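Here is a short tour of a protein model, written to be read with the viewer open. Have a look around first, then follow along.

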Amino acid sequence: MSESILVVAAHPDDEVLGCGGTIARHVSEGDSVVVVFMTNGVSARGDKKGSLADLERKKNSQLALKSLGIDDVYYENFPDNKMDTIPLIDVVKVIEFYVLSSKPRVVYTHFARDLNIDHRITHQAVMTACRPQKSSTVKEVYCYEVLSSTEWNSISEAKFNPNKFVNITKYYDKKIEALSKYKQEMRVSPHSRSFECVDALSTYRGSIVGLRRAEAFEIERIID
């Protein structure tokens, strides 16, 4: 039986870094996947004209998700790297809209203690929007890791401790194909947001559970 899946990401590229292989697997298995981006991921930089950079990042995200088989993509316009300046309730209401409209059974989003503030606010808003009420369709919530944010959090913070591993061996090439659409966001090794590190992480996560390649998640909630 097909399932409805909602992926909520702070910035375009987080979704592929965090769960691109898992998205491709869901699509292959006939599930319906909706992706929502909370910010454009570029307006805080100042290295390009804002509107031009926004259009480029949006185009790249559309190409990336199309390569994963996703057409249902939505863009919100919260301030990049400034989501903590917005009342949380405003962010929650936006996510509630997508939860109500797409009626997901499974939701993927950021790890709560990522270094990036937008990731943190997105996580908190998702957990609020997906609180376990009787009327909610959401039965499973998972947090993905994003290289150059999850592993860079403070030593004083809780560390990402995955307890769900998804076999993406057959879908890894799809993940890399999608990630290549975000080549402007990738860095040269040994930067953790490099193709080499993505490769190493998928191999490492797979090796933990006897797979060739895997994506890892923290389980926030499963209601069976």
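## A walk through the model

Tyr75 is partly exposed, with a relative accessible area of 26%; partly exposed covers the range between buried (under 20% relative accessible area) and exposed (over 50%), using a 1.4 Å probe and protein chains only. You will find Tyr75 in strand S3, residues 73-75. Leaving aside residues up to four places away in sequence, Tyr75 touches Phe37, Lys58, Ser61 and Gln62, where contact means heavy atoms within 4.5 Å. Glu196 is 121 residues from Tyr75 along the chain, and their C-alpha atoms are separated by 29 Å.

A word on the background: this is a predicted model, in which local features need pLDDT of at least 70 and side-chain atom pairs count only at pLDDT 80 or more, while totals for chains, interfaces and linings use all residues. Residues are numbered from 1 along each chain as its sequence is written, and side-chain values use heavy atoms, with hydrogens and water left out.

**The overall fold**

The protein has six helices and seven strands; these are DSSP runs numbered from the N terminus, with helices (H or I) of at least four residues and strands (E) of at least two. Along the sequence the order is β-α-β-α-β-α-β-α-β-β-α-α-β. The radius of gyration is 16 Å, close to the 17 Å that the globule rule gives for 224 residues, so the protein is as compact as a globular protein of that length. That radius is taken over C-alpha atoms, and the rule is 2.2 Å times the number of residues to the power 0.38. Along the principal axes, the C-alpha atoms fill a box of roughly 45 × 45 × 40 Å.

Buried residues account for 51% of the 224 residues. Of the contacts between residues at least 6 apart in sequence, 80% join residues at least 24 apart.

**A buried proline**

Pro104 sits in the loop between H3 and strand S4 (106-110). Is this residue buried or exposed? Pro104 is buried, with a relative accessible area of 0%. Its contacts, again not counting residues up to four places away in sequence, are Ser4, Ile5, Leu6, Tyr98, Val99, Thr137 and Val138. The C-alpha atoms of Pro104 and Pro87, 17 residues apart along the chain, are separated by 25 Å.

**Salt bridges**

The structure holds 11 salt bridges, each a side-chain nitrogen of Lys or Arg within 4 Å of a carboxyl oxygen of Asp or Glu. Three of them are listed here.

| Pair | N to O distance |
|---|---|
| Arg25 and Glu29 | 3.0 Å |
| Glu96 and Arg131 | 3.3 Å |
| Glu157 and Arg120 | 3.0 Å |

In the Glu157 and Arg120 pair, Glu157 lies in the loop between S5 and strand S6 (164-167) and Arg120 in helix H4, so the pair ties together parts that are 37 residues apart in sequence.

Glu96 and Arg131 also meet in a salt bridge. Glu96 belongs to helix H3 (residues 88-102) and Arg131 to the loop between helix H4 (117-129) and strand S5 (140-144), so this pair joins parts that are 35 residues apart in sequence. Glu96 is partly exposed at 22% relative accessible area, and Arg131 is partly exposed at 34%.

As for the remaining pair in the table, Arg25 is partly exposed at 27%, and Glu29 counts as partly exposed at 46%. Elsewhere, Glu3, Arg105 and Glu140 are linked in a network of salt bridges.
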